Amino acid sequence: MSADAVLRLSDVTRVHGTGPHQVHALRGISFTAYAGELVAVMGPSGSGKSTLLTIAGGLDQPTSGSVAVEGTDLTTLSLDARARMRRTSIGYVFQGFNLIPALTAAENVALPRELDGVSARQARAEARKALEEVGIAELADRFPDDMSGGQQQRVAIARAVVGDRRLVLADEPTGALDTETGEEILRLLRARCDAGAAGVLVTHEARHAAWADRVVFLRDGVVVDETGADPVDVLTDHAVR
Amino acid sequence: MSRSTGRTASTRGGWRIALRLARREAMRRKGQTLLMLVLICLPVVAVGAASIVWRTQDVSSVEGLDRRMGAADAYVETSGFGEVVQAFDPSENYGVIGEDDVFGGPDTLGTADLDAVLDVIGADRPAVPLRTSSLSYRTDEGLGNLETLTSDLASSLTDGLLTKVRGTYPPGPGEVVVNQALADRGPGIGDTLTVVRQTGEGEQQIDLRIVGIAERTTTRGYPMAAGLPGAFGADGPDEMGQWLIGGGPVSWDEVQALNAVGVLASSRAVLTDLPPASELSPELPVMDSGIDEVTLTVLALVAAMVLLEVVLLAGPAFAVRAKAQAHSLALVAAAGGTPRQARRTVLASGVVIGVVGGVLGVALAVAVGTVAVPVAQRFDSTRFGPFEVPWPLLALVAAFGFLSAVLAAVVPAFSSSRQDVVAVLAGRRGEGKASVRSPILGLVLLGVGIAGAVAGAGAGGDGGGSAAILIAGSAIVSVLGMILLVPMAVGLVARMAGRLPLALRFAARDAARHRTRTVPAVAAVGATVAGVVTLGIALASQEAANEDRYVPMLPAGYGSVTLGDSDQTTVMAILDRNLPEGRSVTVRGALTSTDDGELEMEFRDGEDVLSLSYWSALSTPYVVVSEVPDYLEIIGGDRAELDATLAAGGMVLLDDENQDDLGAIPDVGRLAVDVRRWDPEGGEPELVGTTEVDAAVAKVEGTSPAVAFLSPEVVEQLGMEVGDVGAIIPGPISSEAQQDIDEALAALGTSPYFYVERGYQTDPAVRIIQAVLALLGGILMLGGTLTATFLALSDARPDLATMAAVGARPRTRRGVAASYALVVGGVGALLGAPVGLIPGFAISRPLTRHWETGATSLDVPWLLIAVVVIGLPLLTAGVVAVCARGRLPLTARID
């Protein structure tokens, strides 16, 4: 395993609301994901799994603590700069696929590249390559409404990895899929991590954890347990390298 | 029987539930509801407020009684005829009957015949004369116009004609009261008012002392002076008599008795309590009732167009509301709900918004009307009647608002009842495939519309009215056809969007996927553009026709003065004072006015009398010169040759474009000239001189400024006198100089006529109408596009969140918003413009057809069309880009 930390959360707290309505979604979480590693985050509803993911992707800002992706602290970046990070370094996969129905499969995959200002032709070429990697190159010109759930999720994974992004954040990516298709999707995620990306997989199904290198358990916004190769590192964040 | 009762009850119950749901939904989505209410209310408020101003401004016969007759029981006036019949209000209609129907015949009553009038209705009735006329008065600058009123103002019969503001009232002999408008222009209380009156003997000046300020109750803002009878000079004995009559009600029978002696009467008793219409004389001339069938049809067409526009503008909001309810409706359908119930639920939204919008609109209309009436009064010199709210009309307008809301909900209601329940429950957000039938029907309607327009354009002869209605009606049919083609057009744009930049591609595809929302918005823009293009072409073509038919009287920039009875030295001095000295050239002509009657020349080729056309811009048809003057622009004929003819004692006849209709002037070398004198007492004209001279023909452009240029010898041989009749001034003449000269000449009293040829001047009203047209089109387009765009943005929230998640910049939302606006505005404009061109071309024909030649003019205002088709969509997109929030919804879907 490479010792290269792609995602590093340090003492991250997230508080929603103020006064008596205050909700502590995350309470001082520290957490690192390395290149080539797939980390599963598990926990019951409301444990803070999704908040962790939105903060890791720069969609939300922590109340305190720092979030570094490939060495860049997201909390110091502007909205624009964080958006750029999502185009170039971070890929999202959602439970509901979240493809844009008005765009074809290839266009959905090309979206982050196009948004990044890459020429449409090149973006499309890259998208086709990414679709090939997830095994659905022949569906490039179809619209999402004309695809099955599994096909849509493959497109979503292709979109998350296109342009060599090294952090893939997946929020219950198999939740809307049957078992067999779900396994197929996880195999793709695993392959992507084996190819050098860091993956964070939020799931509540124990059997999915089998695909992960490590499992982190969350409850009420704190890490309560972990399994895997390097438990001490996860909890204390002492450098392995 | 019981089954049908049960069904009615269930229908009623179904509506109750649907209405309750619609009410709750309206409360739940307040922003959207507000938007819908605004779209439905605005036209109701605008039309409602306008109708209040209109009804208030309109003074009915009863409302105007005190203004017209003060406190008198009747106002009577002699008609100048022996016997008349009148409507209950003679100012609306009257007719002359009897054998002696010549105006001012020997037995007719006049200003001296009050006794004869009173003989009919009671000799002991009190009466005072009341006369109004228009005269001039001296101002610091020269002369101004004023309205005068004379009556025995001390008499209680005149109470209510004037209201005293300050000073002394009533005025005594040699005194007047004036209104504030006159006082503002010069003389005030204590000053002298000099009234100028033109009489047969010349100008009469009357000095009067101003003792007070009083306002007339009918008008405001126009200078007015009031005094005792005769204060502004004595009336001639032949003038019409006008009196206020008191002494008790004047009955309809008495009015008819007055009519029998040629007197018209407005009786307070008759007008406040109208006799049945059967009392009116059958001999009363039939009048246009004001609203004829053409007017009604035009009103109906306008109402239909407005209704269509409102429905289209409000349509997207209802579509989005129906979409928001789609999931609930699908659940209802899954639980066994019928399509009819789904339809009713969506229609109920229209009913709720329609009722609230109508009532709210009327309430706001009354409020706006209350504010608008005093504002409108400022711009109107006639005093308005009492504040009047035309409730039946407002109810009609409210019903219009209700109808538009329900109609706007119809299409979303039907698509909701046909939605794919499985797709909706599975969370798919698009709509099914577009209907294949509707574009075909659209093409058919478009074809019918074009055919109608062509037929209307060809239909000539019977006046423009019916042709215009046919064209306007087919324009509406064309627009309906266009609406049915919109889904196809939007789909086509989506299919071609593959190569477009991301934001535009997304907007185009998304627009096509949400047809019920997009189509009405695009159609609203299309209908607006079609209307603007049609009216623009109509306006421009009419303007072009006016310009084509404009005939200059002089070379461009030249001015001319006709002396008439004015003193030549004085006039020339005025010209020299205001223009560089020595510019004006005196025009000499054969004098045609003699003490024994008017002289007229006739030109003959043997026995054939020539018909010659002219417009005497040179003060005389027969100009006397020894060579062709420089100011005459000759386009055919050799100037040297013409000069030679004049030098040899001949004449030059002018041939202009009107001559084609009158027959060509024969080029025979010699023509006979006769002079005839017209007997002022009637009878045949008498030949007073004749000669035969060399004649040459000069071709001039436009209309010739005279009939002929004669050498002095010709006039001498005819025995006519030659004199200075006017002057011509080579240009340029500034408009300031023109105004100064006009004022100075007006002060002479003899009114010499000064004319400056400035070519065709576009009526400023046309420019204003064009600007209003572009502005109105812009507002409607902006409204339609903005509504659709922001509704689309709220619909596209999940997609925007996805874009944010994959790294879209905040400004991406602006780009998407602007692209929506561009798609809606652009597609609408591109569809609407050609649809508007056809009726535009068509209407230009009946509108500009020359009554005689049948020639028509066509002018397409390309600039206006470019602004509307290209400029406005771009502008709207720009406005949207600026107004749209840049911030993307970030975490909307990752929880």
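Predicted model: local features only at pLDDT ≥ 70, side-chain atom pairs only at ≥ 80, totals over all residues.
R55(B) is partly exposed, at 21% relative accessibility. E388(B) is also partly exposed, at 24%.

A second bridge joins D510(B) to R517(B), at 3.1 Å from N to O. Are these side chains buried or exposed? D510(B) counts as buried because its relative accessibility is 1%. R517(B) is buried too, at 2%.

R588(B) bridges to D724(B), the closest N and O atoms being 2.9 Å apart. R588(B) lies in β14 and D724(B) in β24, so the pair ties together parts 136 residues apart in sequence. R588(B) is partly exposed at 39%, and D724(B) is partly exposed at 29%.

Salt bridges that share partners also join residues of both chains: E107(A), E114(A), R124(A), R505(B) and R509(B) form one network.

Now the interface. Here 27 residues of chain B contact 30 residues of chain A. The buried area is about 2700 Å², with 59% from carbon and sulfur atoms. Between the two chains there are 4 salt bridges. One of the bridging pairs is D145(A) with R513(B), at 3.1 Å between the closest N and O atoms. On the chain B side, α15 and α23 each give two or more residues. The largest share, 6 residues, comes from α15(B). By type, this side divides into 10 nonpolar, 6 polar and 11 charged residues.

Terms used. Residues numbered from 1 in each chain as written. Chains lettered and ligands numbered in written order. Heavy atoms only, no water. Contact = heavy atoms within 4.5 Å. Buried area = accessible area lost by both parts, 1.4 Å probe. Salt bridge = Lys/Arg side-chain N within 4 Å of Asp/Glu carboxyl O. Helix = DSSP H or I, 4+ residues; strand = E, 2+ residues; numbered from the N terminus. Nonpolar A, V, L, I, M, F, W, Y, C, P; charged D, E, K, R; others polar. Buried < 20%, exposed > 50% of the residue type's maximum accessible area, 1.4 Å probe, protein only.
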